[in-house]
Amino acid sequence: MSWILSALSDEAGAAPQEQVRALREAGIRYVDLRSIGEHNIASLPVDQARELQQMLQDAGVRVQMFASPIGKIDISEDFQADLDRLNHLGELASVFNCHSIRIFSYFNRAGRDKGQWQSQAIDRLTQLADRADRLGLTLYHENERHIFGETLARVQAIAEAFHGRDTFKFIFDFDNYVQAGEDPWDNWLALRDRTDAIHLKDSTRQGVHVPAGQGDGRVREILSDALKRNWRGPLTLEPHLVHSAAVVATGPSGSGNEQLKDLGPYGCFQLAAREVHKLLRDIGAELAD
């Protein structure tokens with residue numbers, strides 16, 4: 001069994017040429033597309049998408065997932081905007097031969113009660129899932145700070161709502177659970193049978209981002225357990241070691257690593273990749289070509 005290792009290469013640089021160079025130097029052959037130049041993947045024009053796909057193909061890089069911002073708006077904001085983003089990603093799916101879409105589950109900045117927030121968030125997710133089914137897409141929900149699906153209990157509520165629905169899947173992000181004040185190991189034990197992808201991002205309890213496996217995310221233990229259990233799914237490197245323009249656009253929690261700031265975004269991406277490769281070798285994980 002081998003795992004796919006992908007990366008959010010926009011953390012290395014904005015330009016597509018720089019992202020391709022970063023992936024090749026890091027020995028990573030898959031990419032989760034998030035931002036490319038001045039565009040988010042959910043707004044990338046089709047003609048530019050075709051040019052990018054040709055560049056990726058020439059470099060031997062395949063698109064693993066669209067790291068969209070869908071669901072990272074407030075439940076009071078216009079939902080049509082997210083449906084439009086999903087429709088556009090449906091157009092790009094055939095260009096990149098990618099049908100996997102990362103999503104979130106909505107902020108509640110007005111402080112509506114939990115029941116109302118949950119009801120509205122799951123209603124929106126259901127509409128997205130129905131639309132995705134018609135478009136031939138699979139949605140991957142990521143636990144994220146301050147959205148509905150931030151904590152174990154609320155991720156479990158979403159999982160229960162979508163039980164048995166094969167095209168609605170779940171991403172496990174170590175760092176986001178750390179920063180939510182939860183124990184990633186406990187959450188893994190509860191969610192490992194509902195985890196379909198993993199984001200390699202880590203931080204300390206003080207909110208400082210560090211290379212995966214060097215913080216409080218229990219990364220090594222969880223990946224080792226996943227390996228023993230023959231877990232199958234993609235891993236995506238998302239360093240956050242410095243808050244590059246791509247990271248700032250996500251509204252990150254926590255802080256960049258001051259000790260690494262002189263490396264800059266590109267250097268931090270390469271450091272994160274080297275540390276992840278070492279960690280995966282140490283636990284005996286094999287990577288897919």
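Modeller: What follows goes through some labels one by one; the model is a predicted one.

Colleague: What makes the contact between Arg145 and Glu150 a salt bridge?

Modeller: The N to O distance between their side chains is 2.5 Å. The cut-off is within 4 Å, so the pair counts as a salt bridge. Both Arg145 and Glu150 are buried.

Colleague: Why is Asp183 called partly exposed?

Modeller: Its relative accessibility is 26%. Buried means under 20% and exposed over 50%, so a value in between is called partly exposed. Arg218, at 29%, is partly exposed too.

Colleague: What do Asp183 and Arg218 form, and how far apart are the closest N and O atoms?

Modeller: They form a salt bridge, with those atoms 3.5 Å apart. Asp183 is in the loop between helices H6 and H7, and Arg218 in the loop between strand S11 and helix H8, so the pair ties together parts 35 residues apart in sequence.

Colleague: Why does the pair Arg220 and Asp282 count as a salt bridge?

Modeller: The N to O distance is 3.8 Å, and the limit is 4 Å, so the pair qualifies. Arg220 belongs to helix H8 and Asp282 to helix H10, 62 residues apart.

Colleague: How do you know that the buried residues of H1 are on the same side?

Modeller: The buried residues are Gln19, Val20, Ala22, Leu23 and Ala26. They cover an arc of only 160 degrees around the axis, which puts them on the same side of H1. The face turned away from that side carries the exposed residues Arg24 and Glu25.

Terms used: Residues numbered from 1 in each chain as written. Predicted model: local features only at pLDDT ≥ 70, side-chain atom pairs only at ≥ 80, totals over all residues. Heavy atoms only, no water. Buried < 20%, exposed > 50% of the residue type's maximum accessible area, 1.4 Å probe, protein only. Helix = DSSP H or I, 4+ residues; strand = E, 2+ residues; numbered from the N terminus. Arc of directions from axis to C-beta.
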